[in-house]
Amino acid sequence: MKDGCGITSDIISHLPDNVKETILMCLPIQDAVRTSVLSRKWRYIWVKLPQLVFDYTFYKKSFRKTNNELLMIIYQVLLLHHGPILKFTLSLPKLESCSEIDQLIYFASKNGTQEFTLRIWTGTYKLPSSLFSCLQLKHLNLHSCMFKPPPEFKGFSRLLSLELREVVITADMLSSLISSCPLLEHLTVESSTSFEHLEVAAPNLRFLRCKGLSSSICFKNTPQLARVSIYLNKEVLMEGESSNLVMFFGSLPVVEFLELNGYYVMGMAAGKVPKTLPTTLSHLKILELNDICFGEPNEVSMVLCLIRSSPNLAKIKIEACTRETTAIDPVLELSVLLEMEDGWGVYLNQLREVEMRYLSGIRSELELIKLLLVNSPMLERMLIEPNSEVVLDKGFRILKKLTRFQRLSPEAQITYYDPDEDSEDEV
Amino acid sequence: MSSSLEKNMLILRSSDGEEFIVPEVVAVMSKAIKNMVEDECASNTIPVPNVDANILAMVIEFCKKHDESEAEAASDLKTFDSEFVNRGQEALYDLITAANFRDVKELLDALCQNVAEMIKGKSVHHIRIQFLGYQLFEILTSNFIWNIWCDRDFD
């Protein structure tokens, strides 16, 4: 033992600096900084850490300090820090928009930040121009900010992922931001306000998640987009036009995962529902539809259209909901039911897994289950979960009907999920 | 000897001379070995200096599991990792050294995560006694970050 006066040997101090750094990266910032007082060998290890994360853990561990005190600590850490800060996160609960944040962003931008996260909790913070000069950015994650770049801003040429939540930005600005980040692979936009018209031109985009957003999304150049999730707010739908909601599938040649909510499906079904989509979604493997109202024949018809247009589906997940429905055209309802009863003559040869949740047991739900069972030769597992608020007999009636349905696949197992008992039973 | 060896298998020889027959896909999870194989400067037997048979066996076990379970659920692998790295300090040190020297990223990450978990939330006093082998508490010169964050350590 060279230093200290212990009896056991010093295990971790003799590790190479790069290993110590890896260990420190797994620690909350307090614990990492605290290692500086362990011994001389540890004093300056943390100062070169390439990531500084001031988030909820930092806040929680700081024992009821005010935001000003927390900012003071952050200043001190930055004063002592030395070298590049590849990852910088500022996400303190109750953090209000204030001018000190400008300075922190300026500091991070000067130190080569590639991964930047900023979450403001109160008020909307206007991003400073220094952020827009961070051309080395690879990941940008913003919450409650105002995104208004200076006129000379030409986009982030190295950006791979962009997440914007409750960010104030115009649709035009967002469209041009997307198209000026040529390497962008991952895009998330969540907002309670709506956009008029969003244009997505991103040749490398693979993942897209939009929530509560535009009534019209136009995919201009998205040859690689494989995972798409779109959630619409009801209000948005009522204002916008719906006809082009169907059309965008033509611009998604390789989509593998598609997640839509009921309002979106409803929007697509607003006009006349086609038998199949104009383009076959031949790469689509997983289809997830949430909050689908089976009482709406149009919506059911659109669900059928989606499934029919995706011959290579491996998994279908549908969550039903009961929504206040407007006056239903009985003729239309009947025609949709008859369509399902007649069957398809089209087989879902790849379908292995189906999940149907929150069912209330109405006829169109059961018809869809029947249809899937009789058209899927490779089906392995179907999960049925009734909505316990609507179904009073614990789903006994649904079960009774299910047992009578024909199954094309000899391997098909129907699993029944009882939400009250939290257990699964095989039927 | 090499003729009896199946294709795509390599022999790793530990510092104390024990030999392990390992599939190439498993062996190349070590970047250092991967480089040797790619540069074709490795014969069938690759010496792994500084790593004894005991530790080498552990590293191979880890790599095999990670190679096999690529399709497996990530949570299973996580459970395996956390059980695997749960060892005495000496073995931990030897494993870290081996993983770092041979450049086995997954193993090094899992081990560092484990050490971090052991340090996390502990007082400086605690860490010194547990890891650095201190017996008496050596009072350090004051440090203002220490004052800001570490005052509770004296409770």
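**Entry 1: two domains in chain A**

I started with a distance: the C-alpha centres of domain 1 and domain 2 of chain A lie 24 Å apart. A reminder to myself that this is a predicted model. I then looked up the bounds, and chain A splits into domain 1 at 12-49 and domain 2 at 52-169.

Next I wanted to know how many residues of domain 1 of chain A are in contact with domain 2 of chain A. I found seven, and they meet 11 residues of domain 2 of chain A.

**Entry 2**

I moved to chain B and found three strands forming an open sheet, in the order 2-1-3, with mixed pairing. Which strands sit at the edges? They are strand 2 (19-23) and strand 3 (45-48) of chain B, and each pairs on one side only. I also noted that neighbouring strands of this sheet are turned by 30° against each other on average, ignoring direction.

I zoomed in on one pair: strand 1 (residues 9-14) and strand 2 of chain B run antiparallel over five bridges. Across that pair I spotted B:Ile11 opposite B:Ile21, which belongs to strand 2 of chain B.

**Entry 3: the nonpolar core**

Last, I checked the largest nonpolar core, which has 142 residues. Among those with the most contacts inside it are A:Val265, A:Val303 and B:Leu111. The largest share, seven residues, comes from helix 6 (residues 105-119) of chain B.

What does B:Leu111 touch, leaving out residues up to four places away in sequence? I listed B:Val85, B:Leu92, B:Leu95, B:Ile96 and B:Ala99.

Key. Residues numbered from 1 in each chain as written. Chains lettered and ligands numbered in written order. Predicted model: local features only at pLDDT ≥ 70, side-chain atom pairs only at ≥ 80, totals over all residues. Core = buried A, V, L, I, M, F, W, Y, C linked by C-beta atoms within 7 Å. Buried ≥ 20, exposed ≤ 12 C-beta atoms within 10 Å, placed from the backbone. Helix = DSSP H or I, 4+ residues; strand = E, 2+ residues; numbered from the N terminus. Contact = placed C-beta atoms within 7 Å. Pairing = 2+ DSSP bridges. Axes fitted to C-alpha atoms, helices over the stretch in contact; angles between N-to-C directions. Domains from an automatic or database assignment.
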